[in-house]
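User: Could you walk me through reading a model like this one? I would like to start with confidence and then turn to cavities and sheets.

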Amino acid sequence: MKILPLQFSTLTRPNNAPAPVFLTPAFLLVMNAPQQQCKPADTQAAPFYQALVTHSTELISVINEEGVYSYVGSSVKQQLGYEVEEMLGTCAISYIHPDDAACAAKVLGDIHLLQDVQMKPFRFKAKSGEWRWMQCTITNMLENKYVQGIVTNSKDVTEVVEAESRKDYHLAYYEALFFEHPDAVFTLDSRGNINRVNSHVSLITGYAEADILGCHFSILLHPDHAQLAEEAFREALAGKALHRKLPILSRLGEEKMLFLTLIPVHIQGEAVGIQGIAQDITASLQAQQLLKDQANQLHNIVESIPDPFYVLDSAWRFEHANAAYLNFLGTAREHIAGKNIWELYPFAATTGFYEKCLEVAANRTTVYFEETYPGHRFETLKFTIFPADSGIAVHFVDYTAQKLTQLELEKLSLVASKTINGVVIMNNKGCIDWVNDGFCRITGYTREEVAGLAPSLLLQGPDTDPEAARRIQEKYRLQQPFSSEILNYKKNGQKFWFAIDVAPIFDAQGELVNYIAVQTDITERKESEAKLLTLTDDLLKHNRNLQQFAYIVSHNLRAPVANALGLAALLKKLDKHSAFYDKSMEKLQVSVHQLDTVIKDISNILTTREAGGMETRKQVSLLEVCQEVLQSFEEQLQEIGAQVQLEIDSSIQMLSIKAYLYSILYNLISNAIKFRATERPLSLHVAVAKDARGYVLTFSDNGLGMDMRQVEHQLFKLYNRFHTDIQGKGMGLYMLKTQVEALGGKVKVESKLGAGTTFTLFLGAKHV
Amino acid sequence: MYKKIFIIDDDEVSSFLTEATLAEEAFAQAYECYHNGKEALEALLPLLQGQPAAPLPDLILLDLNMPVISGWGFLEALAPYAAQLQGRCLIYILTSSVDEEEVKRANENELVAGFLHKPLIEDSILRLKQARR
């Protein structure tokens with residue numbers, strides 16, 4: 001709205017001040033002149049006045065004491081349209097506007113007391129019926145003998161009154177605009193000082209009117225924006241009406257944002273000041289900002305939903321779609337915005353989704369459902385459709401992967417429950433949460449029986465290898481996956497072998513949640529393994545025996561045969577009666593005898609070996625056997641003055657073969673006597689002690705001893721001999737070793753040349 | 001004819017037979033018998049270590065399987081004297097063993113001139129005679 005510029009003087013003029021245009025001195029002069037010239041009456045006077053009155057712009061009339069026209073000047077025709085005769089004798093008041101009549105009647109009534117009265121303008125009815133504003137001066141000439149009435153001197157001032165009334169009108173409009181404006185209205189002079197303000201200025205700024213009038217506008221402004229305000233003021237003053245948003249500081253220091261309209265005021269082309277309207281838009285700005293923030297926030301929320309989300313209006317047009325949905329479609333926002341979904345994606349209209357959308361639109365209730373689209377990129381979608389504004393909002397997730405996972409889980413669970421292997425799910429403490437049917441079938445326990453127990457404690461038993469059990473515990477403790485084979489016990493006490501694979505399961509945070517164990521019954525395999533091992537062992541033994549046998553044949557059997565052959569050939573050439581012939585014949589006998597011995601030895605060795613595993617074992621007292629052997633050497637030992645010390649508990653009983661133990665001890669004592677040191681009496685020490693795996697027999701002498709480095713690989717070989725000057729055929733230690741091994745034991749030798757020899761026999765676990 | 005032969009064998013019958021068979025053939029002037037490698041070394045090493053009072057044997061018949069020091073041990077002890085023995089003393093293995101492994105092992109030893117099986121038959125004696133020339 002534009003306010004018309006007005007002159008300051010007009011604005012400041014008091015409302016009821018008389019207009020200076022009304023009676024000018026010139027007019028009064030004209031009015032008064034004839035009256036003063038009336039007095040010298042002569043014959044020429046009547047036509048002169050007549051003409052003057054008729055052509056005057058004023059109307060002169062005379063009203064008698066009764067208020068009736070006794071004379072009306074002839075200018076009435078021109079001015080009001082009446083004929084003079086028409087008015088004579090009529091009541092003067094009856095022509096006056098009812099609103100003004102009372103006042104006029106009162107003036108006429110009061111004329112007796114006064115000489116001249118200037119009446120307020122009143123409305124007078126013209127011949128045409130139109131009301132004319134008249135200015136009238138009345139003069140009391142009742143006492144004048146020529147007049148005998150009240151002389152009225154009237155002038156039509158309609159134009160003047162109306163013009164005056166229009167000015168009042170504008171002023172009233174302007175004043176209303178200024179003072180009653182709902183915003184703050186103010187005027188500034190050309191220097192920027194505040195001239196006038198309406199009441200809202202105080203309301204907005206907090207300053208009383210008196211505090212700011214005459215002050216420069218800058219006292220109200222936010223100092224940061226003073227420059228901007230100054231520029232706006234200058235611009236407006238230069239003649240340009242403008243709008244500005246400027247912040248001010250209220251008296252209480254509160255910052256308010258004002259929307260200002262500045263209008264330059266000109267008087268005769270010169271800018272004299274600024275008139276302004278200031279609207280407090282702080283609250284609306286804040287509200288706008290709030291609205292904007294909220295919209296923004298809402299947008300962000302919708303955009304931040306990682307799943308597709310969109311809104312359709314009542315005509316199924318896309319109103320909003322988040323980035324995830326656009327990404328899902330692989331399209332840009334502008335391609336779908338405002339478009340009808342069914343037209344854009346006709347396929348959608350053939351689906352269950354379409355039906356659901358219609359349902360939500362009709363019922364205005366939320367629905368949740370899942371739909372599968374075989375052969376599509378997204379096989380399974382899970383929807384939430386809910387009413388929004390006039391349309392619907394759709395949120396969905398691509399459930400394809402989860403669906404697959406779910407199906408896979410179902411399959412896995414089928415495998416876990418139906419597999420013939422045992423499957424155990426443990427909690428993070430290693431206690432059983434669940435076992436499958438396979439586990440129950442193998443172990444004989446029910447699911448309820450084992451819940452909460454640790455499988456190791458439940459299944460392991462006395463024959464379980466403690467080392468293997470310890471390794472398993474260690475793996476559990478380290479939370480590492482492992483595989484192991486372990487001997488377990490069924491509920492009925494039956495032993496069986498489990499191959500177990502245990503995997504710790506961790507959650508996304510790396511925290512242990514479960515162990516899963518898969519167990520396979522490998523008892524059969526273990527048994528066949530053990531059989532195979534025995535078989536291999538037997539084969540190895542047999543192989544060794546064969547090698548040994550080949551060696552015996554090639555060396556020990558062949559030697560006497562070769563001699564016999566040689567001697568037989570020699571004998572042919574010799575004189576039968578010579579002494580040399582006899583000697584050779586004697587040697588031939590020796591050779592054949594040797595051959596016989598070797599054959600017997602071989603037979604003996606083979607029998608021992610074969611029998612070792614089969615001959616039934618009996619409880620044998622070691623002390624008794626030892627004493628029996630010593631008995632047979634008694635004479636010899638006495639002869640050489642030997643000392644024998646026995647350290648054998650009479651209670652020691654071995655499950656063994658007595659003949660072998662006898663033969664072993666026999667060979668040891670025989671050797672000790674044979675290889676005794678001649679310079680000192682023989683001292684023998686025989687002791688038996690129990691160790692973890694069986695009995696340990698120690699046999700020590702103080703005889704010749706051996707250089708172990710020289711003999712260690714030869715000592716136990718058949719027919720190996722180390723002392724040429726001492727009788728022997730190298731059979732004893734070989735037999736000893738064969739027999740100890742047949743009993744499942746082993747032999748160790750320690751010896752020192754010139755000091756003695758100690759044989760240690762480990763008679764294995766089988767003897768216990 | 002060989003001048004001096006060492007027969008190293010723990011088998012008394014075998015030693016007797018070897019000596020008797022060779023004597024029958026008038027094979028050598030002298031025969032010395034030792035029962036194992038140790039005894040033989042005790043006799044031989046002084047001759048090799050520069051005591052020329054007695055000559056080296058020009059033939060050694062060596063058994064392998066003997067107590068104390070076997071035939072292999074004997075050969076090992078002589079290894080440092082290989083150069084001295086070269087061309088002056090022939091060493092033949094004479095054993096009852098028919099073990100092929102031992103034949104192979106003997107052939108790999110540079111001190112060994114040949115491998116003979118007991119008993120000494122005429123072919124073997126012929127080989128020894130030819131080796132002498």
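User: What pLDDT does chain A average?

Analyst: pLDDT is the predictor's confidence in each residue, from 0 to 100. Chain A averages 83, and 91% of the residues score at least 70. Over residues 1–41 of chain A, pLDDT stays under 50. Where pLDDT is low, the predicted coordinates should not be read in detail.

User: How many cavities of 30 Å³ or more does the structure hold?

Analyst: Rolling a probe the size of a water molecule over the atoms shows where empty space is left. Here a cavity is a set of points, on a 1 Å grid over the protein atoms alone, where a 1.4 Å probe fits but cannot get out; lining residues have an atom within 4 Å of a point. Points are joined across faces, edges and corners, and a volume is the space filled by probe spheres set on them. The structure holds 6 such cavities. The largest has a volume of about 310 Å³, and F186(A), F217(A), L220(A), L258(A) and L260(A) lie nearest its centre among 20 lining residues.

User: Which residue classes line the largest cavity?

Analyst: Its lining divides into 19 nonpolar, 1 polar and no charged residues. Nonpolar covers Ala, Val, Leu, Ile, Met, Phe, Trp, Tyr, Cys and Pro; charged covers Asp, Glu, Lys and Arg; the others, Gly among them, are polar.

User: In what order do the strands of the open sheet come?

Analyst: Strands of a sheet pair through backbone hydrogen bonds, either parallel or antiparallel. Strands (E, at least two residues) are DSSP runs numbered from the N terminus, and two pair if DSSP finds at least two bridges between them. In chain A the order is β23-β25-β26-β28-β27, with mixed pairing. β23 (643–647) and β27 (746–752) of chain A stand at the edges with a single partner strand each, so one side of each is left without a neighbour in the sheet. Between β23(A) and β25 (residues 683–690) of chain A, which run parallel, there are 5 bridges. Within β25(A), V686(A) stands opposite L646(A).

Conventions
Residues are numbered from 1 along each chain as its sequence is written. Chains are lettered from A and ligands numbered from 1 in the order in which they are written. This is a predicted model: local features need pLDDT of at least 70, side-chain atom pairs count only at pLDDT 80 or more; totals for chains, interfaces and linings use all residues. Side-chain values use heavy atoms; hydrogens and water are left out. On a 1 Å grid over the protein atoms alone, a cavity is a set of points where a 1.4 Å probe fits but cannot get out, and a pocket is an open set with protein on both sides within 12 Å along at least five of seven lines; lining residues have an atom within 4 Å of a point. Contact means heavy atoms within 4.5 Å. Helices (H or I, at least four residues) and strands (E, at least two) are DSSP runs, numbered from the N terminus.
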